[in-house]
Amino acid sequence: MSEDTNSVSRRSLLKGAAVGGLGLVAGSTLAAGSADAATRLKGSTVRWTTRGGGATGDKIAKAVNDAFTKKTGAKVVAQQVNSDDFQNNFAQIMQGSPDDAFGWMAGYRSNHFGELGLLADLTREINRLKGTLPTAAIKGATSPVSKKPYILPTTYYPWALHYRKSMVKEIGMNPEKIDTWDDFIKLMTLTQKKGLVGYSLGAKGGWEAMGTFDILNARINGYKYHIDLLNGRAKWTDAKTKETFKYFAQLIPFMNENVLDISWDGMRDLLLQKKTGAMMMGSWFANDFKAKSQEDYDDLWVVPFPEINPKWGIDTIDAPLDGISVAANGKNVAGGKALAQFWASPEGITEAIKAGDTNIYVSRSFDTSSYDSFNKQKLAVLGSAKNIMFFLDRDARGDFAGPVVGPAIQSFIKKPSDINKILESVQSQWDALPKN
Amino acid sequence: MKTAATGKKTRSRRTLSKTDRFTLSAFVGIPTLLQILLLWVPALVTIILSFTYWNGIRLSDIRWAGIQNYKTIFFNEPLFYEALKNNGVWLAFFILVATPLGILLAYQVDRGIKGHAFYESIFYLPVVLSLAVIGIIWNFMLQPGGFVQGLMGLDIGNAISIWGNPDINTWVILGVASWRHIGYIMLLYLSGLKSVDPALKEAAAIDGATEWQIFRKIILPTMQPVNIIIVVITLIESLRAFDLVYIIYGSPTIFPLLNLLVFQNFAGQGLSMKGAAYAVILLVLCIVPIITYLRIVFKEDLK
C-alpha cells in the first residue's frame, strides 16, 4: 500500500518537474486524502473524453460532469472522440497530452497500459467504492499481473442475440421463445424468405465479427477451451477450432452481402430499419434505439445465443466490463481520479441514468427494480451464464487480436473454403509473436 | 604545384565576399541541419528500431531482436504480401494508365482544343482537394446507405459491396485516386508544355512531321526535366499511398497497403518495431527505383 502511494507521488513529482510545480500540488493533494481533495479541486480544470455515443453520449457526459462541478467546484472540459480511433491510437494519445479521465475498457486493454505506466493506479479509489462494487467487478478491473486496478468498473453489457419482437411475430414465431439452435435457424430462414437479411454481420473493422466467433467457440468447445485458445494453450489448427468455423460457415448464407462494408453502426441501422432478423451484438446500441423512439426501444429484445453442445448449454457469455480510467500523464491526475470516482459512484450513476443511459451498472447501489423490461431481460441474459468472457480483443493480447484474428475472420468471410489455410496462418503468426 | 584548372577554382571561390559566404552557408547550412535533424536522424533511429523488440512505450523495455521482425514479416504475415500486391498494382496502374492519361490531357489542352479551358478546370478541380477529403467524399457516396447506393434504390440491407469486395475494390480505389492524380500530372505537364517554344513545333509541322512524331521527337525530349519529376512523383505517390484508404477503411486489413501497415503497427498495437521494419522496407522500395532511374537519366544527359 505504501509502495503504491510512493509510486504515485513519485510520478507526480516527476511531472511536477515537467509542468512547473503543478504536479507537486497534485501529489500533496493525494497525500492529504479525500476530504482535502475536494477543496483543492475547486477551480481546477479536469479534462474528460467520451468514447463515442453520439448525442446521447454527450448528454450523459454533460449531466454527470455538471453534477461533479456542482459538488466539487472543479470545471470539466469534455470532448467526444471516435471510439475506434481512440482505441487504435491509445498508446500514442496516452503518451501525448491525454485528457485526465475517460471511459475505457477492462481486461487486457487497461491492464496492459496500466502495467506500462500509462494509466493511473486506482487502488485508493476502488477501495473507497468497495461498499458498492461487487467483488467480481473489482476482480475484473484488477490486473492479474500487477494486482492493481487501472479502471473503475461502471457498466457491462451482454453480447447476445438481438432482434425485434414485432418482426419475429410477423413471421409467425414467438419472440419470447427463441431458445434453441433450431429456433434460431428457423428465425433466420423465415426472415430471409421475406427478402430481408437473416443474420446481419459487419466486419469492416475486423473486430465486430469476433463476437460471433467467441460465442460459437464457447458454445461448441466450452469456456475453458476458448480462453486457452486465446492465450496460446490450445491451437488454432485444432479440429475443435475448425468445428467452430464450420458452424460459422453455416451462418454465412443468411448474412448480408456487404459484411465487409459495414461496421457495428451499419448492423444497428439494419435492425433499426427492420431489415434483419437477428444479430449478435453488444447491447450498448440500445441507447440509439431509445434516442430514435420509445416504440423502437420497446420493440427491441435480447436472448442468450442458443445452445449447440449440450455439454456446455448456455453457460458462457461475452460481457465486456467498461469503466473509467485516468491517464497517468494527464495535467490534473488528482482531478481525473476524483472525476473517475464520481462517475463510478452512486451519485454519478444516478445522473447518467437520468440523462438517458440504458446501460447496466455493476454498482450494488444501483436499484434494478426500476429497470425497464429490456434492461431486466439484459440482466436475465447475463444471469443465465456462469462464465464471463470479456470479448476477444480484451481476452487476448493486443498485438494478436486486432492485427491477426481480425483479418483472419475477414478472409474467412471472403472465402470460407480457405479456412484451413487461414487457421494455419493464424497459428504460425501466434507462434511468431515475441514472448512476453 | 597546382594545375591551372584547380588554381582557377580556388581563385573563384575566394572572390566570394564575406556576406556572400555567410548567406550561402546560412542558406545551405540551415536546411541541411534541419534535414539531418528531422529526416536522417529519425530514419536512422527507425532502422535501428526495426532490429529490436519494443512496444513503443518504455525505453527500458527495448530488447535486441536481430532480423526477427523481418523474418516475421516475410514469412508470417499474409497482410504484407497483400499490401505489396496492392502497392504494386497501384504503381502499375498509375504508370500505365493514370500518368499517360494526364500527359495526354495536358497535350490536348495545350493544343487548344475546343473548350480547353473548361476541361482544364474540370480535371484540375480534384487536385485542390487532399486525398483525405477525397476519401471522405467517395466513401460518403459509395458506402452502404451512401448517396450512390441510395440513388440506385439500395438500402443498407441490399447495398452492393464495394469497399469490401476484393474483386472490385482495387479498381474503385484506383479510379478515385486517379481522379486526382490525372489532374495533378496534367497540371505539371501543362506548365512544362507552355515553356516549349512553339516555333519548334511549327518548324516540324512544316517539315511534314505527324502529330505523334512531333510529340515523340520534339516535345518529349525538350520536356526531359518535367518527365523526371513526373516519373518520380508517380513512383512516390503509388508507394506512399495511405490517406485515401485509411479514411475509407480505418484499418489496414481489407485493403492493406505498406504505409497502412507501418501506421497500424506503430499506433496502438504495441508493435513499434514491426512498424519500423515495414517503414524500412518501404524506404528501400522507394529509394532504390528512384536512385536507379535518376542515375540512368543523368548518365544519358552526360553523354
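In this predicted model, the centres of domain 1 and domain 2 of chain A, taken over C-alpha atoms, are separated by 31 Å. The domain assignment of chain A builds each domain from two stretches of sequence: residues 2-156 and 320-365 form domain 1, while residues 159-318 and 377-431 form domain 2.

Where the two domains meet, 16 residues of domain 1 of chain A are in contact with 17 residues of domain 2 of chain A. On the domain 1 side of this boundary, helices α4 (54-72) and α7 (108-115) of chain A each supply at least two residues. The largest share of that side comes from α7(A), which provides 3 residues. By class, the side of domain 1 of chain A that touches domain 2 of chain A has 7 nonpolar, 7 polar and 2 charged residues.

Chain A as a whole may be considered next. Its secondary structure comes to 23 helices and 12 strands. The radius of gyration of chain A is 22 Å, close to the 22 Å that the globule rule gives for 436 residues, so chain A is as compact as a globular protein of that length. Along the principal axes, the C-alpha atoms of chain A fill a box of roughly 65 × 50 × 35 Å. Of the 436 residues in chain A, 53% are buried.

The axes of helix α2 (residues 18-49) and helix α14 (residues 272-302) of chain B come within 8 Å and cross at roughly 120 degrees. The crossing in which α2(B) passes α14(B) is left-handed. On the α2(B) side, the contact is made by Thr46(B), Ile47(B) and Leu49(B). The α14(B) side contributes Ser272(B), Met273(B), Ala276(B), Ala279(B) and Val280(B). The residues of this contact between α2(B) and α14(B) divide into 6 nonpolar and 2 polar, with no charged residue.

Leu101(B) belongs to helix α4 (residues 78-111) of chain B. With 17 other C-beta atoms within 10 Å, Leu101(B) is partly exposed, because that class lies between the exposed residues, with 12 or fewer such atoms, and the buried residues, with 20 or more. Leu101(B) and Ile182(B) are 81 residues apart in sequence, yet their C-alpha atoms are 6.4 Å apart in space.

Conventions
Residues numbered from 1 in each chain as written. Chains lettered and ligands numbered in written order. Predicted model: local features only at pLDDT ≥ 70, side-chain atom pairs only at ≥ 80, totals over all residues. Helix = DSSP H or I, 4+ residues; strand = E, 2+ residues; numbered from the N terminus. Rg over C-alpha atoms; globule rule 2.2 N^0.38 Å. Domains from an automatic or database assignment. Contact = placed C-beta atoms within 7 Å. Nonpolar A, V, L, I, M, F, W, Y, C, P; charged D, E, K, R; others polar. Axes fitted to C-alpha atoms, helices over the stretch in contact; angles between N-to-C directions. Left-handed = near helix turned anticlockwise from the far one by under 90°.
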